Amino acid sequence: MTAVSEPKIAPLEDAVERDLYDVTIIGGGPVGLFGAFYAGMRQMRTKIIDSLPELGGQLMALYPEKYVYDMPGFPKVLARDLALNMIEQGLRFNPTVCLSEMALKMEHAPDGTIVITTQKATHHTRTLIIATGAGAFSPKKLDAPGVAEFEGRGVFYFVRNKAQFAGKRILIVGGGDSALDWAMNLEPIAESITLIHRRDKFRCHEESLDWLMNRSQVTTYLWHELGRVEGNGCVERAVIFDNRTKEEKLLEVDAILLNIGFSADLGPIKEWGVRLEGNSIPVNRLMQAEDRNGNIMQGVYAAGDISTYEGKIKLIATGVGEICTAVCHAKTQIDPTAKLFPGHSSNLSL
């Protein structure tokens with residue numbers, strides 16, 4: 001059984017001197033933003049810290065032009081538009097927002113409060129919710145002749161503005177959700193799309209694969225890889241090859257989109273003393289994190305993709321529910337007289 005220490009509440013005068021917040025959320029993506037909204041609804045003094053220069057997390061940084069289909073209330077919505085709505089909601093109660101700040105160090109003060117150190121400042125908080133998703137993402141790079149040379153000049157790992165692909169002959173490399181999602185998104189505006197995958201098994205939603213194989217105009221080559229990229233100042237051709245026979249094909253293309261995966265890194269969180277399972281933080285039913293000895297870390301919670309428990313499903317919809325649980329338990333920690341459940345928002349006067 002994990003040990004739980006009695007919570008210590010910092011004196012009010014000390015809290016004012018140190019600019020002490022009720023809750024600090026590490027992560028300004030959709031889960032963190034909804035947590036800020038819910039904490040504001042519970043009248044908690046709230047701060048968001050994010051290493052990115054803008055709020056919205058992966059929705060804004062990685063795929064703003066992709067559609068999200070599995071967010072309740074939206075049959076489909078552009079990731080950018082979903083992020084903008086969640087930013088508006090998250091800022092409703094005026095939380096303090098600290099952008100371009102990497103949370104480097106986390107430790108407990110003698111009075112039980114939490115001190116977070118970034119490269120810019122020291123932050124004090126009664127409770128902490130880690131909602132950083134899977135961590136910092138970087139695309140897996142393809143080491144083929146010409147790829148690095150033409151990166152940004154026809155070779156892309158991200159799509160920030162899909163209009164730049166209008167009327168283009170596009171080659172998409174990959175067999176996961178991102179590759180098929182972009183094939184689906186770009187098909188209406190592209191002159192043509194060719195997709196290559198290095199094997200015959202895909203890691204994507206069944207509906208996307210059915211669309212690719214049975215309903216799309218995408219030319220698909222299985223067991224094929226990108227051999228090299230050619231051009232004069234910008235991409236003009238791609239040589240692909242069958243990885244079984246080594247037979248090559250020359251394709252005339254204007255743009256190459258590489259969707260071969262991302263590498264995630266938790267960064268300094270790995271040094272915070274939080275118990276980890278791979279790149280995830282195991283939590284209990286209250287969304288509390290543990291230290292490496294299996295003891296509850298007082299006041300430290302995790303929610304969203306970074307948290308894990310038996311049966312976990314990684315969706316935005318799951319994460320926003322988790323962070324509501326974390327916020328409500330953080331509220332009762334700092335104010336034991338508060339109700340755990342504040343009631344439905346439709347019954348509140350906001």
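Student: How many salt bridges does the structure hold?

Tutor: The structure holds 20 salt bridges, a salt bridge being a side-chain nitrogen of Lys or Arg within 4 Å of a carboxyl oxygen of Asp or Glu. This is a predicted model, where local features need pLDDT of at least 70 and side-chain atom pairs count only at pLDDT 80 or more, while totals for chains, interfaces and linings use all residues. Residues are numbered from 1 along each chain as its sequence is written, and side-chain values use heavy atoms, with hydrogens and water left out.

Student: Which residue meets K66 in a salt bridge?

Tutor: D181, at 3.1 Å from N to O. The pair ties together parts that are 115 residues apart in sequence, because K66 lies in the loop between α3 (58–61) and β3 (67–68) and D181 in helix α5 (residues 177–186). Helices (H or I, at least four residues) and strands (E, at least two) are DSSP runs, numbered from the N terminus.

Student: Are K66 and D181 buried or exposed?

Tutor: Both K66 and D181 are buried. Buried means under 20% relative accessible area, exposed over 50%, and partly exposed in between (1.4 Å probe, protein chains only).

Student: And what does R228 pair with?

Tutor: R228 forms a salt bridge with E248, with 3.6 Å between the closest N and O atoms. That pair links distant parts of the chain, 20 residues apart: R228 is in strand β14 (residues 224–231) and E248 in strand β16 (residues 248–252). R228 is partly exposed at 31% relative accessible area, and E248 is also partly exposed, at 48%.

Student: Which residues are linked with R228 and E248 in a network of salt bridges?

Tutor: E230, E236 and R237 are linked with R228 and E248 in that network.

Student: Changing topic. How many residues has the largest nonpolar core?

Tutor: It has 57 residues, and those with the most contacts inside it are M106, L128, I129, I130, I281 and I323. Helix α7 (residues 316–334) gives the most to this core, with nine residues. A nonpolar core here is a set of buried Ala, Val, Leu, Ile, Met, Phe, Trp, Tyr and Cys residues joined through side-chain atoms within 4.5 Å.

Student: What is I129 in contact with, leaving aside neighbours within four places in sequence?

Tutor: V23, T24, I25, I26, Y301, A303, I323, A326 and V327. Contact means heavy atoms within 4.5 Å.

Student: How many residues are in the second core?

Tutor: The second, separate core has 20 residues, including V159, A179, W182 and A190.

Student: Back to α7. At what angle do α2 and α7 pack?

Tutor: Helix α2 (residues 30–41) and α7 pack at about 35 degrees, with their axes 9 Å apart. Axes are lines fitted to C-alpha atoms, for helices over the stretch in contact, and angles run from 0 to 180 degrees between N-to-C directions.

Student: Which residues make the contact?

Tutor: From α2, P30, V31, G32, F34, G35, Y38 and A39; from α7, I316, G319, V320, I323, C324, V327 and C328.

Student: Last one: where does G56 lie?

Tutor: G56 lies in the loop between β2 (46–49) and α3, and is buried at 0% relative accessible area. G56 and I87 are 31 residues apart in sequence and 6.8 Å apart in space, C-alpha to C-alpha. Leaving aside neighbours within four places in sequence, G56 is in contact with G28, G29, P30, L33, A83 and I87.
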